[in-house]
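My notes follow in the order I took them.

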Amino acid sequence: MRVLDWINQAGRTISSAEHSMNGGFYEDACFIAHHAAMLGVIGLLDSKGIAATGSSVYFLLKKVETATRELLHNARLLDTLFVPSRYPYCFEKGTPKDYFDEETAREAIESAKAILGFVETELG
């Protein structure tokens, strides 16, 4: 098991999301926040010996019996940002930078941090 590697990378990745947000790269911050949460949940699942496949934070987190409704909501929110934050084909016009703002990035980062806090608590 490489639980600490997953958790350490999740921490570094959420810092990267904050850096992107502070630089005005809101779409990147949303994508990276999703990625940070995913890394953390994979680390938690690894610690429990549960297989972690896919990139949906929601479906990964659902495998943890103690995940709360609020955390699952945060995970679903992050999942909705995963693809549109990267690809122009998700919108009729423009690019992701036209659709993501600081408020959305902040909400994504806060959601990811809530999930990472849960992961840390679960790991003790």
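Predicted model: local features only at pLDDT ≥ 70, side-chain atom pairs only at ≥ 80, totals over all residues.

**Entry 1: L72**

L72 sits in helix α4. I then listed its contacts, leaving out residues up to four places away in sequence. L72 touches Y58, L61, K62 and A67. I also checked L72 against F118, 46 residues away along the chain. Their C-alpha atoms are 11 Å apart.

**Entry 2: helix α4**

Next I took the helix itself, residues 69-82. I checked its length first. With 14 residues at 1.5 Å a residue, α4 should span 20 Å. The C-alpha atoms at its ends are 20 Å apart, so the two figures agree. Which residues of α4 are buried? I found L71, L72, N74, A75, L78, L81 and F82. An α-helix has 3.6 residues a turn, so residues three or four places apart point the same way. I kept that in mind while reading the list. Then I looked for what covers these buried residues of α4. The cover includes α2, α3 (57-61) and α5 (102-123).

**Entry 3: α2 against α4**

How do α2 and α4 pack? Helix α2 covers residues 26-47. The angle between α2 and α4 is about 130 degrees, and their axes are 9 Å apart. The pair is therefore oblique. I noted the crossing of α2 and α4 as left-handed. From α2, the contact uses C30, F31, A33, H34 and A37. From α4, L78, D79, L81 and F82 take part. I sorted the residues of this contact by type and got 7 nonpolar, 1 polar and 1 charged. L78, L81 and F82 also stand among the buried residues of α4.

**Entry 4: helix α5**

The buried residues of α5 are A105, A108, I109, S111, A112, I115, L116, F118 and V119. What covers them includes α1 (3-22), α2, α3 and α4. I also looked just past the end of α5. G124 takes a positive phi there, about 80 degrees.

**Entry 5: α1 against α5**

At what angle do α1 and α5 pack? I read about 160 degrees, with the axes 10 Å apart. Angles over 145 degrees count as roughly antiparallel, and α1 and α5 are therefore roughly antiparallel to each other. Their crossing is left-handed. On the α1 side, the contact is made by V3, I7, A10, I14, A17, E18 and M21. On the α5 side, I listed E102, A105, R106, I109, A112, K113, L116, V119 and L123. The residues of this contact divide into 12 nonpolar, no polar and 4 charged.

**Entry 6: S20**

Is S20 buried or exposed? At 12% relative accessibility, S20 counts as buried. I listed its contacts, again not counting residues up to four places away in sequence. S20 touches F25, D28, A29 and I32.

Technical notes. Residues numbered from 1 in each chain as written. Heavy atoms only, no water. Axes fitted to C-alpha atoms, helices over the stretch in contact; angles between N-to-C directions. Helix = DSSP H or I, 4+ residues; strand = E, 2+ residues; numbered from the N terminus. Parallel < 35°, antiparallel > 145°, perpendicular 65-115°, else oblique. Left-handed = near helix turned anticlockwise from the far one by under 90°. Contact = heavy atoms within 4.5 Å. Nonpolar A, V, L, I, M, F, W, Y, C, P; charged D, E, K, R; others polar. Expected span 1.5 Å × (residues − 1). Buried < 20%, exposed > 50% of the residue type's maximum accessible area, 1.4 Å probe, protein only.
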